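Hi there,

Here is the structure I promised to pass on to you. Have a look at it first, and then read on for what turned up in it.

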Amino acid sequence: MITLSIVVTGVLLLCLSVFAIDRIISWKTQDSIYHNVGDVPPYNIGLVLGTSKYIGRTLNTYYSHRIEAAIKLYQQGKIRTFLLSGDNAHRSYNEPWTMKRDLLKAGVEDKNINLDYAGFRTLDSIIRARDIFQADHFLIITQDFHCERALYIAQYHHIDASCLAVPGPVETSGFHVRLREVFARTKAFLDLYILKSQPKFLGPINPIFGHEDKLEAEKLSASEQKNLSHIEPSQSLK
């Protein structure tokens with residue numbers, strides 16, 4: 001009887017911990033999330049987090065909404081260059097190159113596209129953006145629930161990032177996605193505070209901007225940010 005009581009207490013504490021982690025991550029990141037392209041101020045770098053373009057033979061709308069938002073941001077002059085980060089598991093599955101191909105079709109210049117083939121998971125993509133591509137101020141582009149986890153990782157590593165939350169697929173069960181995200185956040189929390197996880201690969205530094213380009217980009221960004229300083233992420237509406 002005592003053993004059963006201990007087990008039940010342990011399970012309850014575990015559930016409470018998982019719930020608390022989920023709520024903390026949401027609460028800590030809300031002020032850094034935009035929900036409308038029109039509210040986003042100019043950024044030099046847009047980090048698009050990868051996912052598969054197709055699920056079987058069906059277009060994955062998680063993917064298409066991210067790409068559509070990226071194109072709109074570029075067309076409106078709100079993103080200067082992209083970092084496309086995703087999995088490159090094998091020759092027939094290459095998330096960064098698939099995203100690049102669709103951006104090129106939409107008129108994004110090749111010189112404004114950078115690829116990170118080692119973005120195997122969100123933690124890898126965020127840390128590598130800073131440590132490999134020397135991006136210390138950027139806009140993440142992904143779904144709302146993913147924004148929160150990505151931003152929490154960025155905040156832990158003192159990376160200055162915001163996120164544009166794009167729509168998810170309406171046909172997908174919200175409960176299933178939400179439940180999976182709860183466990184993904186618990187794993188992220190363990191990675192940060194217990195396991196001290198690092199990206200699977202780092203490698204040589206490959207800055208998105210050279211020294212002169214970086215100075216020019218910072219100058220332009222400072223001027224544009226000043227003009228739009230009255231807009232705050234928290235003012236955006238879903």
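A residue is called buried when its relative accessible area is under 20%, exposed when that is over 50%, and partly exposed in between. Leucine 104, with a relative accessibility of 32%, therefore counts as partly exposed. Please keep in mind that this is a predicted model.

**Overall picture**

The chain has 238 residues, and 47% of them count as buried. Its secondary structure comes to 7 helices and 8 strands. If you take the contacts between residues at least 6 apart in sequence, 78% of them join residues at least 24 apart.

**The sheet**

An open sheet is formed by 6 strands, in the order S1-S8-S7-S2-S5-S6, and the pairing is parallel. At the edges are S1 and strand S6 (113-116), each of which pairs on one side only.

Strand S1 (residues 33-34) is joined to S8 by 2 bridges, and the two run parallel. There, isoleucine 33 has cysteine 163 of S8 as its bridge partner. On to the pairing of S8 with strand S7 (residues 137-143): 7 bridges join these two, which also run parallel. Here threonine 142 has alanine 165 of S8 as its bridge partner.

Is S8 enclosed or open to the outside? Of the 7 residues in strand S8 (residues 160-166), 6 are buried, so the strand is largely enclosed by the rest of the structure.

H2 lies across strand S2 (43-49), S5, S7 and S8, and runs at about 140° to S7. Helix H4 (residues 122-131) lies across S2, S5, S6 and S7, running at about 160° to S2.

H4 has 8 buried residues out of 10, so this helix is largely enclosed by the rest of the structure. Those buried residues are Thr122, Leu123, Asp124, Ser125, Ile126, Ile127, Arg128 and Ala129.

**Helix against helix**

Helix H2 (residues 61-75) packs with helix H3 (residues 95-105) at an angle of about 45°, their axes being 10 Å apart. H2 and H3 are therefore oblique to each other, and their crossing is right-handed. On the H2 side the contact is made by Tyr63, Ile67, Ala70 and Ile71, and on the H3 side by Thr98, Met99, Asp102 and Leu103. Sorted by class, the contact of H2 with H3 has 6 nonpolar, 1 polar and 1 charged residues.

The other pair is helix H1 (residues 2-29) and helix H5 (residues 144-156), whose axes come within 9 Å and cross at roughly 75°. That makes H1 roughly perpendicular to H5. Ile24, Ile25, Ser26, Lys28 and Thr29 of H1 meet Glu148, Arg149, Leu151, Tyr152 and Gln155 of H5. By class, the H1 contact with H5 has 4 nonpolar, 3 polar and 3 charged residues.

**Back to leucine 104**

Where does leucine 104 sit? Its place is in helix H3. Leaving aside residues up to four places away in sequence, leucine 104 touches Glu109, Asp110 and Ile113. Leucine 104 is 33 residues from isoleucine 71 in sequence, and the two are 9.7 Å apart in space, C-alpha to C-alpha.

**Two backbone details**

Most residues other than glycine have a negative phi. Histidine 158 is not a glycine, yet it has a positive phi of about 60°. Histidine 158 lies in the loop between H5 and S8, and with 75% relative accessibility this residue counts as exposed. Lysine 196 is not a glycine either, and has a positive phi of about 55°. You will find lysine 196 in the loop between helix H6 (174-193) and helix H7 (211-227).

Happy browsing, and do write back with any questions!

Best wishes

Notes: Residues are numbered from 1 along each chain as its sequence is written. This is a predicted model: local features need pLDDT of at least 70, side-chain atom pairs count only at pLDDT 80 or more; totals for chains, interfaces and linings use all residues. Side-chain values use heavy atoms; hydrogens and water are left out. Axes are lines fitted to C-alpha atoms, for helices over the stretch in contact, and angles run from 0 to 180 degrees between N-to-C directions. Helices (H or I, at least four residues) and strands (E, at least two) are DSSP runs, numbered from the N terminus. Angles under 35 degrees count as roughly parallel, over 145 as roughly antiparallel, 65 to 115 as roughly perpendicular and the rest as oblique. A crossing is left-handed if the near helix is turned anticlockwise from the far one by less than a right angle, and right-handed if clockwise. Contact means heavy atoms within 4.5 Å. Ala, Val, Leu, Ile, Met, Phe, Trp, Tyr, Cys and Pro count as nonpolar, Asp, Glu, Lys and Arg as charged, and the others, Gly among them, as polar. Buried means under 20% relative accessible area, exposed over 50%, partly exposed in between (1.4 Å probe, protein chains only). Two strands pair if DSSP finds at least two bridges between them.
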